[in-house]
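Biologist: Could you walk me through part of this model? I am new to reading structures.

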Amino acid sequence: VGEVAARQSQLNMLASRLKAVASRHGVPVLVTNQIHGGPNSTDAALGHVWHHAVNVRLRLDRGGRGERVLRVAKASFAAAEVLEYEIGPAGVQPLALRAG
């Protein structure tokens, strides 16, 4: 238990530092985290502290037909949205935007 608590404390300090850098310089900071526990899960592999440290959560999934889907999963300033996209010679291109 002590090792997990120490790791979570370090992650909390890292998240605080990243937010301070973003605020000081007016830039976004992008971090990634693996999700585990099933297709509709939001259980962060790095734990509870890291899961709640973010201000905006974008989730990249595969849809039922294999399409690439970006979901706005958490954002205080935006409604939940779903964007299908493709990656091609021109880079990332949106296909459609729908609520949900």
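Modeller: Start with a term: strands are DSSP runs of at least two residues marked E, numbered from the N terminus. Keep in mind that this is a predicted model.

Biologist: OK. Where is F77, then?

Modeller: F77 sits in the loop between β4 (68–75) and β5 (81–88).

Biologist: Is F77 buried or exposed?

Modeller: Exposed, because its relative accessible area is 66% and the cut-off for exposed is over 50%.

Biologist: Which residues form a nonpolar patch with F77?

Modeller: V56 and L58 do. Together with F77 they have about 320 Å² of accessible area on the surface.

Biologist: Which face of β3 are V56 and L58 on, covered or uncovered?

Modeller: The uncovered one, along with L60 and R62. R57, R59 and D61 make up the covered face. In a regular strand, side chains alternate between the two faces of the sheet.

Biologist: Switching to D61. What does its side chain make a polar contact with?

Modeller: With the side chain of R71, at 3.1 Å. D61 itself lies in β3, residues 56–62. Setting aside neighbours within four places in sequence, D61 is also in contact with E67, R68 and V69.

Biologist: How many bridges join β3 to β4?

Modeller: There are 7, and the two strands run antiparallel.

Terms used
Residues are numbered from 1 along each chain as its sequence is written. This is a predicted model: local features need pLDDT of at least 70, side-chain atom pairs count only at pLDDT 80 or more; totals for chains, interfaces and linings use all residues. Side-chain values use heavy atoms; hydrogens and water are left out. Patches are made of residues with over 30% relative accessible area and no salt bridge: like charges are joined within 9 Å, nonpolar side chains (Val, Leu, Ile, Met, Phe, Trp, Tyr) within 5 Å. Accessible areas come from the Shrake-Rupley method with a 1.4 Å probe; for residues, only the protein chains shown count as cover. A salt bridge is a side-chain nitrogen of Lys or Arg within 4 Å of a carboxyl oxygen of Asp or Glu. Helices (H or I, at least four residues) and strands (E, at least two) are DSSP runs, numbered from the N terminus. Buried means under 20% relative accessible area, exposed over 50%, partly exposed in between (1.4 Å probe, protein chains only). A polar contact is a pair of N or O atoms within 3.5 Å; within protein, one must be able to donate a hydrogen and the other to accept it, and residues adjacent in sequence count only if both atoms are side-chain atoms. Contact means heavy atoms within 4.5 Å. Two strands pair if DSSP finds at least two bridges between them.
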